[in-house]
Amino acid sequence: MMSRTEACRPWLQRQDSSVSSYARSRICRHSASSIHADSPSLGLCSLLPGQLLRATTCNDSQLSPSATLVYLKLQSYLVVLNLLNPIRMFRRTCVLRTGRAFGLRGDFVGSVIVTRKCSCQSASLHSTALTANVSEPTQSRAVPFTSVAHIAPFPKRTHTCGSLSTVDADKHVVLQGWLVPKGTVSKKLSFFGLRDSYGTTQLVVDSRTCGADVHAAMREIPEESTVLVEGLVRHRPESQQRDVSAGHVEVIVKSFNLLNPADRNMPFMPFDTQNLANEDLRLRYRYLDLRRAELTSNLKKRSDVAFLVRSTLHDQGFTEVETPMLLNSTPEGAREYLVPARAKQSPSDTPSQPLFYALSQSPQQPKQLLIVSGAVDRYFQLARCFRDEDGRKDRQPEFTQVDLEMAWVSWGKPERQTSADTWRIGGHEVRDVVETVIRKIWKKVEGIELEERFCVMTYNEAMAKYGSDKPDLRFGLEIQDLTSNLPQPLREALEVKGEILEALIVPGEPGDSPFARVAPTIEPDKSVERLEIKQGAGFDWLNQSWIMKDVLSTTSNSFDASELNETLGLTEGGTVWLSKRPCRPEGGWTPLGRLRLALSEAAQRNGDIVLSDAPKFLWVTEFPLFTRADEDKEFLAHGRWSSSHHPFTAPMYEDIADMYAGRVEEVRGQHYDLVLNGVEIGGGSVRVHDVAMQEYIFSNVLQLTAKEKESFNHLLHALRCGAPPHGGFAFGFDRLMAILCKTTSIRDVIAFPKTAGGSDLLFKSPSPSTAETLVQYALKPL
């Protein structure tokens with residue numbers, strides 16, 4: 001007599017291709033003795049995915065006494081097939097009460113019962129518990145039968161998902177990509193999206209053209225699975241056409257191949273941009289996040305711009321050279337990452353000393369030595385750089401810069417120069433190259449023709465007008481110096497202290513200024529005083545100022561401010577912010593500069609001002625060569641002077657005498673930054689090529705110790721060997737791409753970025769090492 005298992009063999013053979021493939025490859029049968037009918041429970045932990053068991057009897061009163069139960073475990077669910085009559089075939093889908101659908105499609109013998117999700121090591125399989133957890137099929141959607149990866153030959157794709165157009169209409173195509181659900185119109189018609197890195201093609205799955213089995217099977221495929229689809233291209237209805245890649249056509253599916261099913265419990269769905277997961281989760285599963293069209297487009301654009309940069313520089317006579325990443329630690333200004341080297345066995349009994357490489361902050365020294373060698377006249381590379389800095393939205397511990405260096409760079413302004421051009425330092429050859437690269441990028445990527453010459457502004461002018469060394473010129477709100485308009489006692493008192501008084505003024509009527517409504521909401525820095533010019537209270541604001549009283553160290557003076565009010569154009573109801581600062585600006589911001597930016601951001605949030613996307617490039621030049629106002633460099637300086645740029649930057653030739661005379665604070669450098677809409681995208685300088693000047697800067701200005709100077713001996717010797725005048729520049733490539741991709745964070749243009757704190761959530765770095773490993777480097781844990 002035929003056993004029930006043998007009688008059910010036709011059921012397995014009748015399944016659609018994906019189900020039968022799964023059944024053939026994953027299901028194994030056990031004899032009836034494997035399960036006893038009187039056993040109260042069965043531990044689910046003993047079942048493997050796809051394992052098929054059967055029992056000969058069942059005592060459940062709700063089932064036929066002669067029924068055979070087949071237990072099929074799929075992932076963490078248990079599916080029980082109640083085999084009643086092998087002759088009677090019908091289709092049924094079963095789902096969970098929780099709404100988490102899980103079931104089977106195809107021809108089944110008898111009914112299908114789904115138990116609860118297995119969450120413990122000894123979940124009960126008692127027959128009375130099986131039916132209790134079955135919900136009505138109409139309450140939840142069906143979930144597909146999970147299959148396995150296709151590991152056999154398959155057809156080669158004929159097109160990418162983004163390349164199809166109306167010229168491909170009526171062509172038979174083979175596409176491969178990730179399946180994205182779009183919607184089900186009816187039991188016989190469904191729409192899907194098929195996505196790859198080139199775009200998304202709409203798929204039409206109609207059971208009348210592909211067959212009911214294909215339609216049913218495709219509806220069961222998990223979201224984000226990789227599939228191969230064969231079908232016919234046709235025009236989309238005119239009302240449904242979109243001006244995107246493959247947006248004018250669709251593919252009528254004839255057949256498909258499931259290449260690799262996706263997990264049903266993915267941490268998030270990349271296509272669901274309306275419910276975007278938090279950034280930490282997306283960074284932890286970056287390989288899923290990169291499937292988002294936005295990030296895919298960013299990486300493609302980054303590649304295109306890198307190619308354009310290389311091509312442009314190659315046409316300008318530059319040679320691409322790779323420089324070392326593992327160097328020696330030097331006091332150049334930024335914190336370095338140290339890489340331990342394995343300790344070598346000492347010939348004596350003295351313990352081995354740990355040795356370290358330093359990851360390159362930038363290729364500064366190697367590229368200068370390359371130019372000094374004479375082997376390369378114009379050098380460039382897309383260099384990987386490493387700096388141990390606190391994370392910010394526009395910084396990463398490892399980043400990319402487009403690095404340039406040129407021999408025979410001039411000192412001083414060009415011989416032929418228009419009166420409007422205020423570039424008064426050397427390096428105009430570098431300027432020409434940089435502007436050429438930028439113009440080509442904006443023309444190719446943005447379709448914008450930039451001006452032939454970018455504007456130039458000195459550091460002092462930028463700090464005076466905008467309170468920043470990287471000013472955003474898209475809005476006004478300029479800072480005003482009140483010092484020359486103050487009453488004589490105030491002017492003289494400020495002059496004695498070497499200070500000036502600045503003001504930021506916002507008229508009271510919204511029609512007069514877009515910043516009027518947000519002005520009362522801004523909390524200024526403690527060094528800034530806010531004065532309201534109240535209506536009906538006159539203009540006696542100067543005598544109410546605590547800053548003025550502090551300048552004169554008295555409260556008894558009274559001044560007539562009418563002339564000052566007229567000069568400033570003050571009106572009743574306005575707001576005045578006052579701040580005093582040293583006559584010679586320091587650092588990258590003044591207090592009123594930060595306030596100006598805060599007012600702009602608040603007005604934008606309020607909808608009172610919309611800044612133009614038009615690119616406003618600006619060169620900022622003539623920075624102080626040395627500074628004591630850079631907190632990021634103080635860990636190395638320890639109260640000494642540090643270089644504003646780096647210690648190899650040359651002074652302006654007009655200020656060389658001041659430097660040798662010890663008037664360090666008055667020395668300006670041949671340093672230039674390129675700023676776009678308030679963001680610094682690159683910087684460079686003319687280098688010191690005279691060894692005596694370089695040694696003087698090291699010893700007399702920066703006051704480096706003998707140990708610190710020793711790390712630069714190779715560079716000093718190279719300068720003695722006939723170094724040409726040279727200079728260079730470096731673009732922050734990540735920042736540049738963030739601007740081109742219209743994103744506020746550079747993490748959106750880097751394939752595998754770190755968090756703001758410098759950790760890598762995907763690769764779990766940095767991480768501790770074992771004591772055994774540290775011994776190899778002559779290190780031990782604290």
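Visitor: What joins strand β20 to strand β22?
Guide: Eight bridges do, between residues 499–506 and residues 575–582. At least two bridges are needed for a pair, so β20 and β22 count as paired. The two strands run antiparallel. One facing couple is A503, opposite L578 in β22. Keep in mind that this is a predicted model.

Visitor: Which helix packs on the sheet there, touching β20 and β22?
Guide: Helix α16, residues 591–605. Its direction makes about 10 degrees with that of β20.

Visitor: Why is one side of β19 and of β21 left without a neighbour in the sheet?
Guide: The strand order is β19-β20-β22-β21, in an open sheet with antiparallel pairing. β19 (480–481) and β21 (529–532) stand at the edges with a single partner strand each, so one side of each has no neighbour in the sheet.

Visitor: What is the strand order in the open sheet of eight strands?
Guide: The order is β12-β16-β17-β28-β27-β26-β23-β18. The edges are β12 (319–320) and β18 (455–458); each has a single partner strand, so one side of each lacks a neighbour in the sheet.

Visitor: What makes the pairing in this sheet mixed?
Guide: Take the strands in turn. β12 and β16 run parallel, joined by two bridges. β16 and β17 run antiparallel, joined by nine bridges. Both senses occur, so the pairing is called mixed. E320 has F380 in β16 as its bridge partner. A383 stands opposite Q401 in β17. β27 (679–686) and β28 (726–732) also pair in the antiparallel sense, over five bridges. There, S685 has G728 as its bridge partner.

Visitor: Which helix lies across β16, β17 and β28?
Guide: Helix α10, residues 364–373. It runs at about 20 degrees to β17.

Visitor: Why is β16 called mostly covered?
Guide: Seven of its nine residues are buried. Buried means under 20% relative accessible area, so those seven fall below that cut-off.

Visitor: How do you know that the reach of helix α9 is close to the one expected?
Guide: Helix α9 spans residues 293–315 and has 23 residues. From first C-alpha to last it reaches 33 Å, and the expected value is 33 Å at 1.5 Å a residue.

Visitor: What do the buried residues of α9 pack against?
Guide: The buried residues include L295, V305, L308 and L313. They pack against α8 (286–289), β16 (378–386), β17 (398–407), α11 (428–446) and α22 (733–740). α9 is followed by G317, whose phi is positive, near 90 degrees.

Visitor: Which residues of helix α19 are buried?
Guide: V691, M693, Q694, Y696, I697, F698 and V701. Their cover includes β24 (626–627), α18 (656–660), α20 (706–710) and α21 (713–720). Q703 follows α19, with a positive phi near 55 degrees.

Visitor: Why is the contact of E405 with R687 called a salt bridge?
Guide: Their closest N and O atoms are 2.8 Å apart. The cut-off is 4 Å, so the pair qualifies. E405 sits in strand β17, R687 in the loop between β27 and α19, 282 residues apart.

Visitor: Are E405 and R687 buried or exposed, and what values place them there?
Guide: E405 has a relative accessible area of 0%. R687 has 1%. Both values are under 20%, so both residues are buried.

Visitor: What parts does the pair of R431 and D421 tie together?
Guide: R431 lies in helix α11 and D421 in the loop between β17 and α11, so the pair ties parts that are ten residues apart in sequence. The salt bridge spans 2.9 Å, N to O. Both residues are buried.

Visitor: Why is R453 called partly exposed?
Guide: Its relative accessible area is 38%. That lies between 20% and 50%, so R453 is partly exposed. Its salt bridge with E435 is 3.0 Å, N to O. E435 is at 0%, so E435 counts as buried.

Visitor: Which residues are linked in a network of salt bridges?
Guide: D421, R431, D432, E435, R439 and R453. The structure holds 43 salt bridges.

Visitor: Where is confidence lowest in the protein chain, and where highest?
Guide: Lowest in helix α4 (127–132), at a mean of 26; highest in β12, at 98. Over residues 1–146, pLDDT stays under 50. Where pLDDT is low, the predicted coordinates should not be read in detail. The chain averages 80, and 79% of the residues score at least 70.

Definitions and conventions. Residues numbered from 1 in each chain as written. Predicted model: local features only at pLDDT ≥ 70, side-chain atom pairs only at ≥ 80, totals over all residues. Heavy atoms only, no water. Buried < 20%, exposed > 50% of the residue type's maximum accessible area, 1.4 Å probe, protein only. Helix = DSSP H or I, 4+ residues; strand = E, 2+ residues; numbered from the N terminus. Contact = heavy atoms within 4.5 Å. Axes fitted to C-alpha atoms, helices over the stretch in contact; angles between N-to-C directions. Expected span 1.5 Å × (residues − 1). pLDDT = per-residue confidence, 0-100. Salt bridge = Lys/Arg side-chain N within 4 Å of Asp/Glu carboxyl O.
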